[in-house]
Amino acid sequence: MSVYTPVSTTELAQFLGDYPVGECTALVGIQAGIENSNFFVSTTKGEYVLTLFEQHQPETLHYFLTLLQHWAAHDIPVPTPLVNQHGEILGTLNTKPAALVMRLPGLHPQQTNTGQCAAIGTMLARMHLATRDFNMQRASDRDHAWRMQMAQTVLPHLNAEDAELLQAEVKFQQSIDFNTLPHGTIHADLFRDNVLFDGETLSGVLDVYFACNDCLLYDLAVVVNDWCCHPDGSLDETRVQACIKHYQALRPWKPQEQQAWPALLRTAALRFWLSRLYEKYSPRPGELTLQKNPLEFRQKLQHRINAMIATSIQINARRLLCPLPVIRVQQTIENLTPGTVVTAVCTDPGALHDIPAWARIHGHHVLETRTEGREYTIVLKTGASP
Ligand SMILES: Nc1ncnc2c1ncn2[C@@H]1O[C@H](COP(=O)(O)OP(=O)(O)OP(=O)(O)O)[C@@H](O)[C@H]1O
Ligand SMILES: N[C@@H](CCO)C(=O)O
């Protein structure tokens, strides 16, 4: 659970006095969620959810609550905030900014099926399209700069293997050009536990408190990493395709998004590995708090990396002596479009230096170098002018 700030029935009764919701009949802290303090509130007039915001400033909360109203106006099933008798959607309870929203019906999907993955793909595209005319802006608080800085913060806590993975991923992430991808208003945290299904109908989109302006495709990668996985964290291609196809039916990808997709799956996995690691090593005090397992996203990240390497262009440069491995890489790369991942496996140890040196001079990115026994693997991403 996450209730960082407890609320008594007396305090609640006073708060509810400002809203047209009748008398409180029950107040129950909500177990799920890790960011804010949430309560189910039953009154003589209906069912509501009370949120005490633990981190955000009032102006940021106005952005979220206005966004909720905007999405609601476009028939996205978000919980509409109630307006109090002062004409405000944001009140104060126990010194924390607080809002009362409608409680939506439905349950969080546990094991998703193809139909649910299709439904969330459609819903996310509708949310992206609906905010094309939303005129408020908010910078992401989990953007590339945050990820790079958070990697350094958690690094000292990691064992050697995890530290190596993280450092390699930081290097890879620096090769992604996020600016070329379409941006817009994104939810940024559309996990299954932020969505409700009433039977087969998607009945609720919750917890918009990471919403911001960022790459639209990153939002879809967050969804796919949570909704379309096998228990070991690898992707279930049937559910992935259902989700992507239904998203693209409403907002087709640009060619640069097609190319960036495998990399953005890694970005999204890294983001949640980092935030979960940080929560683990710097837990916040609370009456009842829930922590999510970082290992889940470490495994997902590893699977996304492996999948990207497996689908990359393979160059077998075994038994070739330098400079032949470099020449073979050069010949292969000549005809490839920028952004293609190429994996060269060599047996001449000189290749471990020569190929990265050649690649850097010619504007390609060295994603990874690895030594396994007597084999040397160099993973490259082709640059703008191959
Ligand atoms: N309007 C609503 N209707 C129904 N249930 C809700 C509503 N709002 C919140 N909940 C329930 O409360 C849980 C926690 O809410 P929420 O996800 O907003 O919390 P949070 O602390 O901000 O979480 P997170 O860790 O996902 O950022 C939800 O998973 C859902 O079960
Ligand atoms: N959805 C996040 C928690 C809120 O950021 C996670 O599962 O780690």
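A residue counts as near a molecule if its C-beta atom, placed from the backbone, lies within 6 Å of it. All views show a predicted model.

**View 1. The shell around ligand 2.** By class, the shell holds four charged, three nonpolar and one polar residues.

**View 2. Helix H8 against helix H9.** H8 spans residues 255–281 and H9 spans residues 294–310. Their axes come within 8 Å and cross at roughly 160°. H8 is therefore roughly antiparallel to H9. The crossing is left-handed. H8 contributes Pro262, Leu265, Arg266, Ala269, Leu270, Phe272, Trp273, Arg276, Leu277 and Lys280 to the contact. H9 contributes Pro294, Phe297, Arg298, Lys300, Leu301, Arg304, Ile305, Ala307 and Met308. The contact has 13 nonpolar and six charged residues, with no polar ones.

**View 3. Helix H6 against helix H8.** The axis of H6 (residues 216–227) comes within 8 Å of that of H8, and the two cross at roughly 55°. H6 is therefore oblique to H8. This crossing is right-handed. From H6, the contact uses Leu217, Tyr218, Ala221, Val222, Val224 and Asn225. From H8 come Glu257, Ala260, Trp261, Leu264, Leu265, Thr267, Ala268 and Ala269. The class count is 11 nonpolar, two polar and one charged.

Definitions and conventions:
Residues are numbered from 1 along each chain as its sequence is written. Chains are lettered from A and ligands numbered from 1 in the order in which they are written. This is a predicted model: local features need pLDDT of at least 70, side-chain atom pairs count only at pLDDT 80 or more; totals for chains, interfaces and linings use all residues. Axes are lines fitted to C-alpha atoms, for helices over the stretch in contact, and angles run from 0 to 180 degrees between N-to-C directions. Helices (H or I, at least four residues) and strands (E, at least two) are DSSP runs, numbered from the N terminus. Angles under 35 degrees count as roughly parallel, over 145 as roughly antiparallel, 65 to 115 as roughly perpendicular and the rest as oblique. A crossing is left-handed if the near helix is turned anticlockwise from the far one by less than a right angle, and right-handed if clockwise. Two residues are in contact if their C-beta atoms, placed from the backbone, lie within 7 Å. Ala, Val, Leu, Ile, Met, Phe, Trp, Tyr, Cys and Pro count as nonpolar, Asp, Glu, Lys and Arg as charged, and the others, Gly among them, as polar.
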